[in-house]
Amino acid sequence: MTPIASSTLTTVATVMVIYLGVLIFIGWRAAKRTHGGEDFHLAGRSLGAWAAGISSTASSESGWVTLGAVGMTFTHGVSGLWYAPGCLLGYLVNVYLVAPRLRPLSEGQGSVTLTDVITRRWGDPRNVLRITATTIILICMMGYVAAQMTAAGKAFSSSLGLEGRGGYVLGVVIGAAVIILVTSLGGFRAVAWTDLFQGLLVAGALIALPLYAIVRLGGFDVLVQGLGSISPHFLSAGGDRIGPALWGFIIGQLGIGLGYPGMPHVITRYMATRDDREVQRLQVIAMFWGVAVFYGAGVVGLVSRVMLPNLVDGEQALMALALNLVHPVLAGLLLAAVISAILSTV
């Protein structure tokens, strides 16, 4: 990997600042349309299919897609792609089983949170269920958010050339400040609108970058030959695993999507959808987005393994590929997509 020029890093930093400014502007615009509790928590149940569909998928796919999923195929080759069908199975459960039932149920109850839905559905006179559910969400989501802020620090510091712990801490602070400001300004509507913007950016980046990289590499055949020259196992669906290790790996990857139906920050999007027709439309949108993002991230990892053989950390592959392959302005947009995947979840 060639050293990145300071002028390139300056351009990337400028694009990132503009991107963060757009997020804050969206939050400010959403604040102008937010009035009252239900509006703040569920955008007045007014989300259309695109906002609800992309928001639900983007918020479920955090930094692990642009960092972890890319690193999976960078490290394991084609066998690392088993996460994709596993995640898509989780999407299927959410959009075809959970969403059509949760939206009318929450609307009929007048519930604005997942805890409201649960307690009003089964009754909770002593608030035991409410306290238990809230405690579980609080503990689990605190760890989840902390992991995303760790990813934000890593992404900001590496993409902007900020070395050492100081750069990492600055990245965490920037990410936290933007999210708190946007959420406080416009509530759920701001979150959904920024998720839509960020989700489309992520999908565009993970479609365009791997296709362009394959062309620059010389074609798909060259990619296959390059992976095979590194290790024949890189072209195998099972990698170098056999027997129980193979089945354990595959089942574990397919099981990733099992967590999606229990993620309150994901399924709350269905509660905010305008009507049942919009739910039917978001089903198609969400599935297409998932296919593009999951397999796009996987191909980025594969291409990076061939084009950047000296890269030490596979999770940095998307950022390294963007900085080395495209114009600094486009690299800034691609790196903004990495940050988008993280911040949309937080």
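Which helix gives the most to the nonpolar patch? I found that helix 5 does, with 5 residues.

**Ground rules.** I am working from a predicted model, in which local features need pLDDT of at least 70 and side-chain atom pairs count only at pLDDT 80 or more, while totals for chains, interfaces and linings use all residues. Residues are numbered from 1 along each chain as its sequence is written, and side-chain values use heavy atoms, with hydrogens and water left out.

**Surface patch.** I listed the members of the nonpolar surface patch as Leu 89, Leu 92, Val 93, Tyr 96, Leu 97, Val 284 and Phe 288, which together have about 630 Å² of accessible area. For a patch I took residues with over 30% relative accessible area and no salt bridge, nonpolar side chains (Val, Leu, Ile, Met, Phe, Trp, Tyr) being joined within 5 Å and like charges within 9 Å; a salt bridge is a side-chain nitrogen of Lys or Arg within 4 Å of a carboxyl oxygen of Asp or Glu. Areas come from the Shrake-Rupley method with a 1.4 Å probe, and for residues only the protein chains shown count as cover. Helix 5 (83-109) and helix 12 (276-307) each supply at least two residues of the patch; helices here are DSSP runs (H or I, at least four residues), numbered from the N terminus. I looked up Leu 97 in helix 5 and noted that Leu 97 is partly exposed at a relative accessible area of 46%, where buried means under 20%, exposed over 50% and partly exposed in between.

**Helix 13.** Of the 9 residues of helix 13 (residues 317-325), 8 are buried, so the helix is largely enclosed by the rest of the structure.

**Aromatic pairs.** I noted 7 aromatic pairs in the structure; rings of Phe, Tyr and Trp (its six-membered ring) pair if their centres lie within 6.5 Å, with planes under 30 degrees apart counted as stacked, over 60 as edge-to-face and the rest as tilted.

Phe 25 is partly exposed at 48% relative accessibility, and Trp 28 is partly exposed at 40%. The rings of Tyr 91 and Tyr 260 are also tilted, because their planes are at 45°, with centres 5.4 Å apart. Tyr 91 lies in helix 5 and Tyr 260 in the loop between helix 10 (243-254) and helix 11 (264-271), so this pair ties together parts that are 169 residues apart in sequence. Tyr 91 is buried at 3%, and Tyr 260 is buried at 2%.

Methods:
Buried < 20%, exposed > 50% of the residue type's maximum accessible area, 1.4 Å probe, protein only.
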